[in-house]
Structure formats: structure tokens, C-alpha cells
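This report describes parts of one structure in plain terms.

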Amino acid sequence: MANADCIVLQGGNMAEAHPVGFQWVSEAKARGAKVIHVDPRFTRTSAVADRHIPLRAGSDVALLGGLINYVLTHDKWFKEYVVAYTNAATIVSEDFRDTEDLDGLFSGFDPETGKYDMTSWSYAAPKSEDGDGKVEGSDPSANDANSNTKETAPGDAHGSGGPALEHAEVLRDDTLQDPNTVFQILKRHYARYTPELVEELCGVSAADFDYLARAVTENSGRDRTTCFGYATGWTQHTLGAQFIRTAAVLQLLLGNVGRPGGGIMALRGHASIQGSTDIPTLFNLLPGYLPMPIAGQHDTLQDYLDGIASKKQKGYWANADAYFVSLMKSYFGDGATAENNWGFDYLPRLTGAHGTYQTTLAMLADEVEGFFVLGQNPAVGSANGRMQRLALPHLKWMVVRDLSLIESATWWKDSPEIASGEMRTEDIETEVFFMPAATHVEKAGTFTQTQRLLQWRHKALAPPEECQSDLDFFYQLGVRIRELVAESTDERDRPLLDMTWDYPLDEHGDPIPESVLREINGVQLTGPDAGRALSGYQELKADGSTACGCWIYSGVFADDVNMSARRTPQGGPGVSQHEWGWAWPADRRILYNRASADPDGKPWSERKKYIWWDEAQQRWVGDDVPDFPVDRAPHAKPDPEVGGPAAITGDDPFIMQSDGKGWLFAPKGLVDGPLPTHYEPQESPVDNALYTQQQSPTRIMYAREDNLGAPSYGSKGVEVFPYVFTTYRLTEHHTAGGMSRWLPYLSELQPEMFCEVSPALAAERGLEEGGWATIISPRAVIEARVLVTDRMTPLTVGGRTVHQVGLPYHWGVGDQAIVTGDAANDLIGITLDPNTQIQESKVGSCDVIAGRRPRDGAELELLDEYIRRAGVTPATDNQRLTDPEAETAALSAAEAEGDFAKPNPDDEPGGSRW
Amino acid sequence: MVNLSLGHQFSGPTDPAADAHWPDVRERKGFFTDTSICIGCKACEVACKEWNHNPRDGDLELTAMSYDNTVSLGASTWRHVAFVEQDKERIEVARESGRRLVSLGMPSVRRPQDDAPPGPGASADATGTTDGAPTAYGNVDTTPPDTPEFRWLMASDVCKHCTHAGCLDVCPTGALMRTEFGTVVVQDDVCNGCGTCVAGCPFGVVERRSDGTAAPTTREGERKGEQPDVPKRGVAQKCTLCYDRLLDDETPACAKTCPTTSIKFGDHDDLVTDARERVAQLHAQGMTEARLYGANELDGVGGTGALFLLLDEPEVYGLPPDPRVCTADLPEMAKRAAIATGGMLAAAALAFLGGRR
């Protein structure tokens with residue numbers, strides 16, 4: 001980021017939520033970069049940016065789509081880069097129909113299942129010899145993982161390289177003139193994303209849009225690069241993955257990927273949240289982004305491997321068999337053999353989604369007996385907090401491992417539901433175990449951060465009393481479980497007994513953390529150098545001769561040196577700071593860095609020189625580890641039939657993609673469309689000005705009495721919840737507060753839950769600075785102190801004023817923390833992005849009234865009154881396809897009654913009522 | 001009583017450690033807090049309390065003063081981040097006042113090595129604590145920067161470690177001392193809690209750690225927030241510029257933790273040079289509101305060890321515009337007192353003489 005000439009921070013609040021990483025933005029700014037913050041609120045990031053551009057929460061695709069349209073219509077795209085390195089020239093199937101043709105739907109939508117059949121999105125296939133012109137991927141079975149399985153988070157199920165293509169050959173038109181080229185499809189798709197539309201949907205003024213468009217385009221090209229940074233402001237939406245895709249399309253068009261100062265930075269909020277997806281805590285992934293097998297589709301190892309990658313496609317995913325077999329050897333050692341398919345049948349199979357929210361719903365249905373809570377505080381931190389807390393008494397037992405007695409450990413005696421009388425402690429049968437945890441300074445290990453950098457952390461002191469590190473806890477748990485089944489002959493206990501669980505112990509009997517990192521790195525199992533730590537993933541074999549716990553981390557312990565512990569100040573003399581930590585894969589600091597050179601292998605410019613082809617050495621050389629076959633010449637054109645890394649041509653920088661190109665158009669992989677399209681959030685008082693279709697048609701909905709939605713634009717009752725709220729973090733606290741509300745120094749800095757409102761909204765609702773406000777959504781009623789501030793800007797959207805309410809989400813109700821308060825997450829409903837299963841917690845609809853909330857159960861009466869008044873039912877917002885006639889009818893009815901335009905008299909702020 | 005026998009200087013430029021007769025004077029240390037790059041993370045407040053084992057203070061209630069809930073420097077808060085929200089009008093006022101500071105031919109133009117006195121045309125501000133850029137204003141590009149509609153100022157305040165420290169000069173027990181680094185430190189075990197220094201500080205930095213009211217909270221029903229016993233009750237407390245860390249060649253905790261280098265630590269003279277360059281750079285970008293605070297050794301405290309780059313007038317951040325050490329006039333006062341005493345004695349003598357007649 002320090003190398004960027006322009007940095008756009010959008011969907012994130014980097015200075016507040018990532019203050020340490022923000023040093024690189026400060027550095028770039030000191031070197032002259034322009035910093036722009038696009039956000040509903042003026043935050044501490046805006047305060048040090050060159051410009052803050054306020055926009056309506058949830059409208060980012062419209063703004064970024066507007067930028068894409070600007071780049072295309074003003075001819076600002078980076079032609080050589082786009083033609084050579086992206087799939088702009090690739091020809092898409094004639095069967096493809098765009099949202100522009102189908103009023104908000106892509107071709108292939110099945111209203112019955114609510115899912116897309118992606119066949120028509122495929123690349124057009126070269127005519128085969130018998131001339132049948134078969135469309136790539138038209139074999140229906142190949143699409144199963146994408147379209148027919150119920151909620152399996154398929155976006156992740158393909159690993160980091162996207163889904164399989166059957167082969168490496170695609171049709172191209174390098175003039176980009178063919179109407180079925182990706183480039184022409186892209187142009188048509190975004191043609192209506194004009195500055196006027198951006199203003200209408202996002203509330204971004206024409207002047208602000210022009211400033212942003214100029215800043216981004218003037219700072220892109222051969223000599224300059226622009227970088228984007230985002231966080232949960234983009235991911236936590238019903239189309240969050242598409243928010244990020246829109247930025248990816250823009251950055252590819254501008255040539256800002258694989259180059260210094262370019263890219264899209266996923267700002268990860270915790271010390272190792274990147275690590276927790278690499279070696280995942282997610283239900284649908286195995287280490288290194290290998291998918292979990294799915295019941296019914298992956299009954300054999302071959303089915304499973306074919307689902308990841310075809311041997312005939314380009315790039316390194318074609319070697320997924322080597323990564324998988326080495327993982328199984330690492331898990332099961334000698335128990336993984338060619339005869340038992342390397343233990344493939346030891347792995348559980350997915351029968352559906354098993355994410356956080358499905359687990360909560362399963363608890364409510366009494367399908368879950370026990371629950372481990374680690375590094376999480378769902379009673380405060382998960383969406384629809386009431387539903388979370390009401391699910392917990394359905395458990396027989398739960399284990400909470402944390403530093404303090406967090407709300408998720410004490411809900412049975414001090415939750416808001418105890419106060420309201422909905423739960424009684426004496427009725428709760430759940431057995432709750434609290435296991436004290438060691439802090440990060442009391443244990444050794446690695447953190448993997450945003451830049452994919454693994455950094456070793458030494459243990460500073462021993463944990464007090466009974467506190468244990470996670471490693472120690474799980475090792476001991478494994479030892480005890482294995483003891484219990486040691487004599488078992490039951491086949492289902494075989495995996496437990498075959499599991500390698502032989503970590504060396506230190507003098508206190510704790511497993512040695514370096515031994516785990518070495519296991520992750522991988523070792524040679526056979527031959528003369530058996531037992532040697534592997535030097536990298538290119539050494540992995542599918543024949544059982546290597547073991548590796550996570551293929552992308554292979555090399556972190558090369559030559560038995562803990563590379564993640566390197567700490568040369570400033571990373572040493574090189575520009576890529578290689579002597580600090582270790583970046584996966586293969587210590588590459590910038591991914592896809594082949595793109596930092598032109599198709600001939602020369603740097604695009606002296607200023608942005610990074611990796612280039614050295615004619616004399618016949619190698620790629622430069623400031624980083626080349627992310628490319630190091631001796632593949634720029635003009636090399638291997639036979640695509642060979643498949644795998646060998647098929648990568650000299651101008652295929654995107655070596656993990658099945659065609660070697662950056663995907664402007666995603667023929668597979670995203671379940672909600674090949675191109676990002678603006679839809680309104682699940683709850684929105686604003687009309688989707690682009691299409692009849694109001695919300696994303698493929699979003700995952702839960703139409704339930706305990707998950708009601710506020711009526712959206714065009715529905716009766718929309719005026720009952722007239723304001724848009726958004727939730728966020730503050731620098732002073734850590735997520736749900738488990739690591740900050742128990743600390744006096746942090747608690748005093750932000751002691752109370754508050755809401756942020758504009759002076760105009762404060763006047764409209766009679767809110768007083770420093771006073772109290774009650775905030776109501778169809779899920780909950782909470783209270784907060786009021787900050788009236790110009791940092792909140794009312795926006796003009798669709799011809800009317802939209803007020804936004806800001807709510808930090810750090811506080812929770814309980815009696816253990818130094819500071820407590822109502823939880824913002826109680827207001828949020830559960831509607832998920834179908835790619836990622838992430839909830840839409842960055843935008844919702846609410847009402848705000850002056851005064852504190854009612855108590856002792858009266859808050860539930862207030863909630864009921866609102867629900868009744870708005871006419872909310874489980875069906876509200878949960879129509880998959882927007883019915884244009886219903887919308888018109890509701891609107892005209894509302895207008896006839898006159899209750900749409902002006903507030904209902906009953907809706908007056910009711911400070912006097914309590 | 002004030003000890004006049006040391007014979008040290010009470011005003012004007014000087015090296016404070018040498019002036020305090022340290023046999024082995026070290027390079028004067030200080031802070032340069034560049035508020036233009038502060039992100040208001042408050043890591044300095046926390047790092048300071050952690051390192052110095054200062055208890056939390058305050059009532060755990062929202063102040064509604066923007067994001068500031070610790071309110072001011074005090075006995076337990078030795079770094080304090082102020083948050084100021086401003087509209088366009090105020091920004092223009094700040095820009096104009098900064099521009100005036102420069103165009104008036106301020107002592108700012110005068111570098112420490114220049115010996116020329118300030119020009120005769122200098123305004124009252126010339127001896128003030130605030131000054132502008134060292135560049136001639138006529139040459140700079142004054143294109144305004146991009147965020148004119150609204151701004152949110154953040155600034156981390158700290159003890160100024162004055163060249164002429166009122167707290168130290170008035171301390172009757174010698175508890176306050178000048179270190180070899182030119183900084184000012186309270187010796188907890190010497191302080192008798194008289195509180196004279198509290199009134200002696202022109203910046204309102206020093207506070208006595210009270211012996212009852214530092215209890216964790218006054219909130220009704222509050223049983224949490226148990227803290228370790230509040231240490232050093234009743235004695236004067238303030239920033240030590242991490243004297244203990246300086247002795248070990250370590251950077252003070254606040255500067256060490258600052259993620260954006262808004263707080264810079266170093267040799268005082270280097271910091272002054274850097275600070276002047278930074279102001280010039282900002283002025284060149286059209287941010288004429290930028291000005292230095294504490295870099296003028298001709299001000300009422302002889303300049304401060306902790307310098308600040310501000311983006312508005314000092315009052316906006318809660319800083320006095322023209323601080324003056326209470327002992328600045330001591331020699332003059334002593335002289336007058338001597339004359340008065342002489343007169344008294346003469347009058348008395350005359351009276352006696354007259355009486356004899």
C-alpha cells in the first residue's frame with residue numbers, strides 16, 4: 001500500500017479498525033498519494049483522508065459500477081494489460097443473457113430452487129472435430145456443486161483458484177469487437193451505471209463522483225497505481241462477494257493487479273483472521289482452500305478431485321491431488337494409503353451448510369447437543385442476538401474458552417432475556433463449562449495477517465493458573481478422546497486412532513508450537529532424505545511420499561528454519577522486505593506479480609518496476625519471488641492440452657485461474673451471477689432504480705417469526721422503520737468486547753453504547769446530545785446514548801432524504817464486564833450472502849425515538865406494537881423475485897391512504913410514554 | 001520558598017539541563033506531536049498508563065464530547081487525545097489565522113541558530129507560543145486541500161517539559177527536578193503533596209492524585225472495574241517523558257506505540273527542525289492553518305520540550321495561547337523587592353534618626 005499513488009478505502013474504516021496497518025496508508029500519503037474514504041460516516045479514517053465521500057450503506061456496487069462505466073466510456077482502461085492479462089477477449093456462450101436483458105436476472109435462474117444454473121454463463125467452447133459446438137461445462141453433473149446443492153457456500157468450495165474448467169482452450173477475439181466477448185458484455189452491463197444513477201442510488205454528488213473517478217483513473221496506468229482497501233463494510237451484505245468482485249473488475253480494467261501499489265486489500269480485523277481461513281475454522285474448507293467433500297457428489301476420491309480441478313486446465317490447481325494426498329498423509333500418517341484412498345473416507349461429508357447461523361437454527365430445533373465457543377462471543381457478536389441467546393438453552397452442554405466470563409458464558413443468569421422474563425435461570429438445563437484461556441502473550445505461534453504474512457510470536461510469560469493455550473487444550477482433548485476409544489474396533493473410531501497425534505512436548509508437558517508449524521510446512525516421508533522439511537509446495541507429490549498440513553504454507557519451515565520468525569528491522573534492504581516474516585505462497589509479497597511486467601516481460605515503467613524477464617539469464621527476476629514458472633519466457637505458448645502449470649503461456653499471470661487470466665466475467669464460481677449487479681439490501685426504504693428485482697434473487701433467507709424484516713420500498717409499512725442503520729467497530733474496543741470491556745484502560749476510553757445521528761435526524765426525532773435514544777428494528781429494541789454530529793450526513797437518495805444511524809456493536813448486557821450496554825447486533829436480522837454465508841449486518845432499517853427503552857418485558861410490547869403497525873409477517877422481504885404488480889399496487893394503495901408520504905401520527909416520537 | 005541561590009535563568013533561551021548544573025548534560029529530549037497525521041486511536045493514552053502503572057480515572061460515562069471520554073490531562077492521564085469537530089467556516093478562520101502568523105514576519109522565520117532578534121514589526125504574537133512556517137509565504141502554492149466542508153481534529157496532548165518550568169520553580173521540597181535530558185520529573189518519594197506546582201503550571205498539566213476521589217467509579221450499582229489500589233495517592237503526578245525508559249535508551253511508551261508516527265521522540269533541536277520543515281510542507285500544500293506550538297524559545301516559557309503541530313489556534317485544543325511561567329519575572333521582582341526593602345529600611349532608619357532628634 002505504501003507504493004500506491006491513490007488509495008481508495010471503502011467498505012472499511014482502516015484508521016479505526018486497522019490502526020497498525022494504517023501506517024502504510026500514512027506512509028503512502030507522506031510520499032504524495034491521494035487517500036479517499038468512501039463511507040456512510042465521517043470516521044477517523046475520513047479525518048486523515050484527502051476527501052470523504054459519504055454514500056448510502058449497501059449501495060457500493062452502484063458506485064463502483066459507475067466507475068467501471070466511467071473507465072469504459074472515457075477510454076481510461078489499460079488496453080495492453082486488459083487484452084493480454086484478463087479474459088476481456090474471451091468469448092462467452094451465445095446462450096448467456098444479462099440482467100439488462102432479463103430485468104435484474106441472469107440467464108439460468110430457477111424460481112423453484114432460487115438458484116442459477118450456470119451453464120449459459122460458460123465460455124464458448126472451440127468447435128470440436130465432430131462439430132457439435134458443445135458449450136464448456138454443459139455436462140450437467142459438472143454444475144452440481146454450483147447450482148443444485150442446498151446452501152454449501154460454493155463460492156469457497158472451489159478454493160482460491162475458482163472452479164474447474166474442463167480444459168485450457170478458449171475462443172478469443174483480441175479486437176474485443178465480437179458482441180459475445182467479455183469486454184462487450186461488460187460494456188453493455190454497466191452502460192446504465194451513469195453518474196446520475198450513482199447520485200440517485202448512492203446519494204453521491206456528481207462532483208464527488210467526478211473527483212473519485214478522476215483520482216482513480218489519473219493514478220492508474222503504466223506509471224501509477226491505485227489500491228483499494230475494504231473490510232466487513234463490503235463482506236457483510238447479501239451480495240458481499242459481488243461488492244468485492246466489482247472492485248476486482250475495476251482494478252483489472254485499470255491494470256492495478258499484480259503490481260506494486262495496486263490490488264484490493266482485504267483488511268482483516270483480528271491478528272490471525274487470515275490464518276483462520278488459510279487453515280480454516282470454516283465448515284466448508286480444508287487447509288489451503290481445498291473444499292470439504294460433499295455427500296452425494298464426492299463419493300469417491302476421483303469425484304472429489306475432479307470437482308476441484310481438471311488435470312487439463314491451466315495453472316497450479318491442476319496439482320490439487322498432490323496437495324490433498326499430502327494433507328491426508330499429514331492427518332493420518334501411515335493410516336493414509338493408496339488402498340484406502342489416502343483416508344478420503346475418513347473425512348466427514350457436507351450435507352448442507354453448517355455455518356454459524358445454520359447451527360443456531362439447528363439448536364432451536366433441538367438438533368445440537370453440545371457447543372464449543374472459542375474466540376467468539378455469539379451472545380453479543382452474532383447477528384440477531386436474541387435468537388442466538390434463545391438458542392443456547394436448547395443445548396445440553398456448552399464449553400466457553402475465553403479470557404473472561406463473557407456474555408456467552410453467563411447468559412443463563414444475566415442476559416436481557418432473563419431481565420425481560422423470557423428465560424428463567426431455574427428452567428435452564430444447559431451445563432456450561434468455562435475453560436480459562438491463555439492470552440496471545442502467553443503462548444507461541446504464528447499470526448497470519450492481511451498481507452498473507454506469517455509472523456512468529458514468542459511466548460513472553462507462562463499463562464496463570466489453569467489458563468491454557470488453544471494448542472495445549474486441543475492436544476490434551478485429543479489425547480483423552482483417543483484414550484477413550486483406544487480399544488475400539490468400531491470402524492467409525494478408525495480415523496481418531498489413525499490420526500497423527502505425536503507432537504513433541506516441552507518440559508511442562510505442552511506441545512511444542514514449532515512442531516506444528518513444521519507439520520504444516522510438510523516433510524518428505526520416503527527416500528534417502530525422509531524426514532526432511534520440504535522447501536515448498538512444488539515438492540508435493542500425490543503418491544504418498546510427502547506430508548503437508550497446508551500446501552500454501554509449505555516453505556515456511558524450509559531447511560528446518562522457522563522463516564516466520566525472521567525479524568530484520570524494516571525487512572532488510574529490499575523493497576519487498578523479505579527478511580521480515582514469511583508470506584504464503586512461497587514467500588511472495590505480491591501475488592500474480594508477472595503482471596507487473598508487460599507482455600514482452602519488460603517493466604511497465606521504471607517507476608513501477610518489480611518483476612521482469614531477464615533475457616541473458618532466461619529467467620524472471622526482480623524484487624520479489626516471481627509468481628510464475630521462473631523460466632517460462634514471455635512469449636512461450638505451450639500446448640494447452642498438456643494442462644497444469646506446464647500449460648501456462650508466457651502471458652498468463654493469473655497462474656491459479658483455470659485459463660491463466662484475470663476474470664472480468666466469472667463464468668463459474670459465484671452463485672449469484674457472473675457480473676456484479678446492484679441490488680438493494682434485504683431491508684431498504686429505497687427502490688432499486690435499475691431493475692424491478694429489488695433484492696438479490698439468490699440471497700439466503702430465513703422467513704421466521706424470530707427473524708422478521710422491516711418492509712422495503714414498495715411495501716406497506718415501510719414508513720414505520722424509516723431510517724437506515726449501519727454497525728461498526730471503534731478503535732477502543734475489540735469486536736464483541738471480550739478483549740476490551742474487561743480492561744479498565746480500554747473501557748474508560750469508550751464507556752457506553754452510543755448511536756451517532758446527524759443534527760437533522762436529531763431535530764426530527766427530538767434527540768438530545770448526550771441523552772438517550774431507543775432504536776427499534778423488527779428483531780429487537782435497544783437503547784443508546786446519543787452523539788449528534790455532522791459526521792453523519794443525511795443523503796438525498798431517489799428524490800428523498802435518507803437518514804442513517806451509526807451503531808457500534810461492542811457492548812452487551814451482562815454483569816461481568818467493566819462496561820456493559822445494549823448490543824447493536826440484536827437489531828440485525830439473518831439474511832445471508834449465498835456465496836459466503838455471511839450475514840447482512842452492515843445495513844438494516846430501524847426507527848429511533850428519544851428516551852430510554854422500556855424494561856421488564858415492556859420492551860417486548862413495544863416491539864410487538866411496531867411489528868403490528870408495520871404489518872410485518874415472516875413473508876415480509878422474503879419474496880425471492882420482486883412482483884412488479886404487487887409493488888405498484890402497494891405503492892398506490894399507500895399513496896391513496898396518504899400514509900406513505902407523511903409520517904403516521906401514531907409514529908410520533910414517544911418520549912412521554914416511558 | 002523559591003531557591004534563588006542556584007543562579008539559574010528564569011526566562012529566555014537556554015539549555016535547561018546545563019542551566020540546572022548537571023555535570024553530565026545529555027542531549028535535550030522531547031516530543032514532536034504532529035496532529036495532522038494523528039488518527040485518534042488513543043494507543044498513546046493506553047501505553048502510557050500501562051507503562052507507568054497509572055490507574056484508570058473517570059466515571060465510565062459517556063461525555064458526549066465527540067470521542068473524548070478522558071477529557072483532559074490529569075494525575076493519571078498523562079497523554080490525552082482531544083477530538084474537535086469543525087465546520088467549513090471554522091476551517092477558513094483557522095486557515096486565515098495561520099496565514100497571518102506567517103505573513104506578520106513571525107519569530108517562526110527565525111531559526112534557533114539565527115541570532116537576529118525578531119523584527120520590530122512583530123505583533124504581540126511574536127513572543128507567543130504559536131508560530132508559522134520558516135518559508136516566505138509569497139512563494140508557496142496555496143491550493144486548498146480537498147476536505148474543506150468538515151474536519152475532525154485529533155491531537156494528543158502531554159506535559160510540555162518547559163524550558164522554564166513553573167512547576168519546578170515553585171516546588172518547595174525539590175520533588176520536581178530537571179533531568180539530565182532537560183525534562184521535568186516529579187520524585188514521588190520527595191513530594192509532600194502541597195500542590196503548589198499545580199498552580200505553578202501555566203498549562204494546567206500537573207495534578208495531585210487525590211486520595212479518595214480516584215476510586216473507580218461513582219456510578220450507581222457499579223460493582224465492577226475493581227482496580228489495583230491507586231498508588232501514590234496525594235502526590236503531584238504528570239508525564240515523566242518516561243525517564244526510566246530514557247535511562248535505558250528506550251523510546252517513551254507513547255511514541256513507541258504510535259502507529260502513524262504522529263508522536264515523534266528525539267533530540268529537541270532535531271525535532272524543532274523537523275517540525276519547521278513539516279509546517280513548511282503543509283503550507284506548500286495550501287494548509288496554512290498549520291502552525292507550531294512550543295517551538296518558539298522566546299515565548300513565556302522559553303519554548304517547550306514537547307512541541308506540537310496544530311491545525312488551528314491553541315485554544316481550540318484547550319491549550320493556552322500565550323503561556324507564561326509564573327517565575328519569569330522573579331529576578332525583576334526580586335530587584336524591585338530589594339529596592340522596596342531598601343526604601344523601607346531607609347525610611348525606618350530615617351524614622352529612628354528623626355526620633356533621636
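In chain A, helices α4(A) and α12(A) cross with a left-handed sense. The model is a predicted one. By class, the residues where α4(A) meets α12(A) are ten nonpolar, three polar and one charged. Two packed helices are described by the angle between their axes and the distance between those axes. Here α4 covers residues 60-73 of chain A and α12 covers residues 240-253 of chain A, and their axes come within 9 Å and cross at roughly 15°. Angles under 35 degrees count as roughly parallel, and α4(A) and α12(A) are therefore roughly parallel to each other. From α4(A), the residues taking part are D60(A), V61(A), L64(A), G65(A), L67(A), I68(A) and V71(A). Those they meet in α12(A) are Q242(A), F243(A), T246(A), A247(A), V249(A), L250(A) and L253(A).

Next comes the contact between the two chains. Chain A brings 35 residues to this contact and chain B brings 32 residues. On the side of chain A that touches chain B, the elements giving two or more residues are α2 (22-30), α3 (44-47), β3 (51-53), α24 (744-747) and β24 (781-788) of chain A. Of these, α24(A) gives the most, with four residues. The residues on this side of chain A divide into 17 nonpolar, eight polar and ten charged.

Chain B also carries an annotated group. In an unreviewed UniProt entry, the feature "binding site" is placed at C159(B), C162(B), C167(B) and C201(B). These residues span 43 residues in sequence, yet no two of their C-alpha atoms are more than 11.1 Å apart, so they gather at one spot.

Two of the annotated residues, C162(B) and C201(B), can be set side by side.

What does C162(B) touch, not counting residues up to four places away in sequence? C162(B) touches V301(B), G302(B), T304(B), G305(B) and V325(B). Leaving aside neighbours within four places in sequence, C201(B) is in contact with G166(B), C167(B) and V206(B). One of these contacts, C167(B), is itself listed by UniProt under the "binding site" feature.

Key: Residues are numbered from 1 along each chain as its sequence is written. Chains are lettered from A and ligands numbered from 1 in the order in which they are written. This is a predicted model: local features need pLDDT of at least 70, side-chain atom pairs count only at pLDDT 80 or more; totals for chains, interfaces and linings use all residues. UniProt positions are given in the numbering used here, feature names are shortened, and annotations may be inferred rather than shown by experiment. Two residues are in contact if their C-beta atoms, placed from the backbone, lie within 7 Å. Axes are lines fitted to C-alpha atoms, for helices over the stretch in contact, and angles run from 0 to 180 degrees between N-to-C directions. Angles under 35 degrees count as roughly parallel, over 145 as roughly antiparallel, 65 to 115 as roughly perpendicular and the rest as oblique. A crossing is left-handed if the near helix is turned anticlockwise from the far one by less than a right angle, and right-handed if clockwise. Ala, Val, Leu, Ile, Met, Phe, Trp, Tyr, Cys and Pro count as nonpolar, Asp, Glu, Lys and Arg as charged, and the others, Gly among them, as polar.
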